[in-house]
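Reader: I am new to this structure. Could you guide me through the inside of it?
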Amino acid sequence: MSASARRRSTVHDVARVAGVSRGTVSRVINGGYVSDSARTAIEDAIREVGYVPNTAAQNLVRQRTQAIAFIVHEPHALFLEDPNIGAIMLGTNETLSEADYQMVCLVVDSVRDTERVARYLNGGFVDGAVIVSARAQDPITKAVMRLDLPVTYVGHPPDVDAAWVGVDNRGAAQAVTSRLLATGRTRVGMIAAALDRDSGTDRLAGFTDALGDDFDPDLVEEVPLYSYADGAAAMTRLLERAPDIDGVFAASDAVAAGAMWALREAGRRVPDDVGVVGFDNSSWATRTTPLLSTVDQPAEGLGAAAAASVLAQLRDDQRPREGIMLPTPVVWRDSA
């Protein structure tokens with residue numbers, strides 16, 4: 001192979017083949033405006049000469065890393081157990097990959113994690129962040145706001161003034177609880193999880209809305225996490241306190257699956273003795289026996305929308321404050 005064949009193609013080569021100036025080629029490579037005819041000629045020339053942009057050099061000039069943080073504030077074990085987090089992550093990664101960005105996954109489960117992640121963000125290693133499961137007064141939120149990073153939340157923490165994507169947790173919880181009540185259940189309780197974040201409190205509010213004057217706080221069992229283990233333990237406590245319970249709204253499908261296990265262990269049949277509904281329409285919903293009635297939360301779509309929001313902020317150099325809501329229909333199966 002000759003020396004000229006081994007030589008890496010440059011902007012000069014592209015400009016010569018396309019019949020345009022180097023500046024015009026640079027504008028196309030960096031996303032600037034050129035005429036459609038010039039853009040087509042340049043793109044054809046890039047393919048012909050095999051030009052590969054020096055992304056590292058471009059990023060140094062633009063002070064960009066081409067990386068976006070995906071920050072999850074959950075215990076490490078739940079990160080692996082919860083299919084919703086995985087689906088949100090996949091949706092985020094797909095959208096970022098299409099835009100030639102790398103996703104950097106950061107899990108926060110302790111004060112030490114918070115300090116480590118805050119130092120990492122402060123080091124300029126990412127251009128923006130998607131944040132999942134943020135709590136009220138979350139220290140990671142404070143770190144991100146201090147750095148003025150482009151950020152979008154999955155969910156809408158009440159103390160956050162930033163872009164977010166989410167679902168109508170309250171309305172969807174009310175809808176699935178009302179559907180459960182319509183089956184003739186009269187002693188309906190709830191396993192209310194994650195009340196330290198907006199999704200948990202909104203789902204409890206929706207349950208309360210559906211019950212109206214029949215709401216009984218003694219039929220609500222609070223647990224810290226959207227987890228199978230918490231669902232099983234909470235259902236056991238509910239049965240001890242209210243053995244006549246005949247319906248349960250579990251705040252997530254994982255919680256519902258745990259509750260169904262506890263009911264089976266107690267000799268209760270689902271749905272004959274106790275109707276159970278969940279929230280998410282995750283893989284948990286199709287692994288239970290019977291199949292779980294639930295709310296369809298479009299987790300992958302939430303991740304994709306959050307990533308697109310961060311990319312738009314980087315492109316437009318603006319920090320929007322509005323939210324994007326995705327639909328959450330009820331999916332009725334056999335558990336109620």
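Author: The notes below turn to the core and then to the cavity. This is a predicted model, in which local features need pLDDT of at least 70, side-chain atom pairs count only at pLDDT 80 or more, and totals for chains, interfaces and linings use all residues. Residues are numbered from 1 along each chain as its sequence is written, and side-chain values use heavy atoms, with hydrogens and water left out.

Reader: How many residues has the largest nonpolar core?
Author: This core has 40 residues; such a core is a set of buried (under 20% relative accessible area, 1.4 Å probe, protein chains only) Ala, Val, Leu, Ile, Met, Phe, Trp, Tyr and Cys residues joined through side-chain atoms within 4.5 Å. I191, F207, M235, F249 and V276 have the most contacts inside it.

Reader: Which element gives the largest share?
Author: Helix 13 does, with six residues; helices are DSSP runs of H or I, at least four residues, numbered from the N terminus.

Reader: And what does F207 touch?
Author: Beyond its neighbours within four places in sequence, F207 has contacts (heavy atoms within 4.5 Å) that include A173, V188, F215, V220 and F249.

Reader: Changing topic, how much space lies in the largest cavity?
Author: About 360 Å³. A cavity is a set of points on a 1 Å grid over the protein atoms alone where a 1.4 Å probe fits but cannot get out, and lining residues have an atom within 4 Å of a point. The volume is the space filled by probe spheres set on the points.

Reader: Which residues are closest to its centre?
Author: Of the 29 lining residues, these are S133, S199, R203, Y226 and Q297. Helix 7 gives the most to the lining, with four residues.

Conventions. Buried < 20%, exposed > 50% of the residue type's maximum accessible area, 1.4 Å probe, protein only. Helix = DSSP H or I, 4+ residues; strand = E, 2+ residues; numbered from the N terminus. 1 Å grid on protein atoms, 1.4 Å probe; cavity = no way out; pocket = protein on both sides within 12 Å on 5 of 7 lines; lining within 4 Å.
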